[in-house]
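Biologist: I'd like to go through this one with you by question and answer. Could you put it on the screen?

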Amino acid sequence: MGKLNVNLCGIELSNPVIPASGTFGYGYEFAELYDINELGTFSFKGTTKDPRFGNPTPRIAECTAGMINAVGLQNPGVEKVISEELPKLKACFHKPVMANVSGFSVEDYAYTCEKLDKEEQVGWLEVNVSCPNVHGGGMSFGTQPEAAAEVTRAVKAVTTKPVIIKLSPNVTDIVSIAKACEDAGADGISLINTLLGMRINLRTRKPVIANKMGGFSGSAIFPVAVRMVYQVANAVKIPVVGMGGVSSAEDVIEMMIAGATAVEVGAANLVNPYICRDIIRDLPEVMAQYHINSLEEIIGGVK
Amino acid sequence: MKQSIFSILSNEALTDSVYKMVLGGDTSAITAPGQFVNILLDGLYLRRPISVCDYDESTLTLVYKVVGKGTEQMSRKTAGEKLDILTGLGNGYDMTLSGDRPVLLGGGVGVPPLYNLAKKLLAQGKLVSVILGFNTKSEIFYEEEFQKLGCAVTVTTVDGSYGTQGFVTTALEAMEYTYFYTCGPEPMLKAIYKTSNTSGQMSFEERMGCGFGACMGCSCKTLTGNKRICKEGPVMKKEEILWES
């Protein structure tokens, strides 16, 4: 059997499959369905300094081969995540977890990351500078190289664990932003977050989503994600975590050949809650089909 | 929650737009009336949540209204076809609070989840009254089914073409009851909230992403904190409901 393990920023993963933030809660709900220790790791629900209810409903819209969400970073806030969610997670997940963090100011990001960095189970900090669903924060940091670099520097200054900056695809030049984060000390880059999208109800002529716009995800965005992962992986020396529409073992392999060291799976979890486990189980056979002995060997191997 | 493959045993029209689908499969994850299932359909990305009308150890009955692409596709399915379904979703109705004479109020396509609830309450020896509200006579379904169970059934129509003219609340005002259970459009739920003189439970709808608590797509605020309609709901107790508009 081929080797599935990869090394992400100095931490060994038994396989490269990582449920993406916002599609896997804080893990324990999926632990009722299968042993989530089968996963490489997972990125938990985006956490902010203060509790957030998020946007009004409807927050979800169906699309061809995908969906739009405008949840708006609903989460109980970092204090409660540490006091209530992480203990529940610890009972069912025994590997380092990826802590996903969002903010509305540079100070917010630093505050939340500093707190989570001290948690034993946190392996990596995934810093989301790319949420399209909150006004005045999130994505505005991810759309300009200098702003993304400023968040990176501020977080690196108060943390000891690997910092992965999660980038938005809703930009003109993704490479310049990735490089700015690398220069500012980022240990890795993850991409892509959702694409800004919108649907309109023909009968009411109103947007389907109360927030009007939201993040488009699902298998439809996979080619965009492969392209951006390829561009960024070729421009930076730090590891890249690829995501966007991944829903099969073949997609994982394609994303790794494009340059991803590990691969996150997002919207597909919402349709098939067993998808990550299924992908991990399918990987050896698909690897054999394409004569792959070790996943580490294919990273960035596009010809 | 359980993911499994069900076989369609029958699928028939009850009215112009309401269908009844009976499926065979593993229903072991369903624990209470008022829960729902989430169905994967061809060419559609998200599953479609449908409330459980009735179930036993090996069959599942869904009564659904055609309102969009998903339910339209369901209506074209025939016996023998298979469906990938997540079962046992949501909290369902709490039957321990019903008292001796509960009343069940259903509005339009909100009627189905009350069927298994009525069955279970009757089995507990309760005296069950049912008020079914529709716009007009041609939309009525399940009146006989509830009668056959042994419920006292009142049908209301907005246009007066059948039964009591008015809304379900028109009939509710003339009734004595110990507790209420309801499912229907939000204006109806609000009217019942105001009209009812006892406590009760209401089943809510919201556009969902996953249907099992992962995406936070269907959150709502309540007097007892934020809840996910798909996980801590869809049934809420009257005392915890916070009307936002």
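Modeller: Helices here are DSSP runs of H or I with at least four residues, strands are E runs of at least two, and both are numbered from the N terminus. This is a predicted model, where local features need pLDDT of at least 70, side-chain atom pairs count only at pLDDT 80 or more, and totals for chains, interfaces and linings use all residues. Residues are numbered from 1 along each chain as its sequence is written, with chains lettered from A and ligands numbered from 1 in the order in which they are written.

Biologist: Which residue follows helix 6 of chain A with a positive phi?

Modeller: In helix 6 of chain A, the buried residues (20 or more other C-beta atoms within 10 Å of their own, against 12 or fewer for exposed and anything in between for partly exposed, with C-beta placed from the backbone) are A:Ile174, A:Ile177, A:Ala178, A:Lys179, A:Cys181 and A:Glu182. After that helix comes a glycine with phi near 110°, and that is A:Gly185.

Biologist: How does helix 6 of chain A lie relative to helix 7 of chain A, oblique or parallel?

Modeller: Their axes, lines fitted to C-alpha atoms over the stretch in contact, are 9 Å apart. The angle, taken from 0 to 180 degrees between N-to-C directions, is about 45°. Under 35 degrees counts as roughly parallel, over 145 as roughly antiparallel, 65 to 115 as roughly perpendicular and the rest as oblique. Helix 6 of chain A and helix 7 of chain A are therefore oblique.

Biologist: What does the packing angle make helix 8 of chain A relative to helix 10 of chain A?

Modeller: Helix 8 (residues 249-258) and helix 10 (residues 275-289) of chain A have axes 8 Å apart and an angle of about 70°. That makes helix 8 of chain A, relative to helix 10 of chain A, roughly perpendicular.

Biologist: Where is A:Leu125, and is it buried or exposed?

Modeller: Its place is in strand 7 (residues 122-128) of chain A. Contacts beyond four places in sequence include A:Ala99, A:Val101, A:Cys113 and A:Ile164. With 26 C-beta neighbours inside 10 Å, A:Leu125 counts as buried.

Biologist: Over in chain B, which residues does B:Gly110 touch, not counting those up to four places away in sequence?

Modeller: B:Gly110 is in the loop between strand 8 (102-107) and helix 2 of chain B, and counts as buried because it has 23 C-beta neighbours inside 10 Å. The residues it touches are B:Cys183, B:Gly184 and B:Pro185.

Biologist: Which element gives the most to the side of chain B that touches chain A?

Modeller: The contact takes 23 residues from chain B and 26 from chain A. With three residues, the top contributor on the chain B side is strand 14 (residues 219-222).

Biologist: Last one: what ipTM does the predictor give the complex?

Modeller: Chain B averages a pLDDT (the predictor's confidence in each residue, from 0 to 100) of 97. For the complex, the pTM is 0.95 and the ipTM is 0.93.

Terms used:
Two residues are in contact if their C-beta atoms, placed from the backbone, lie within 7 Å.
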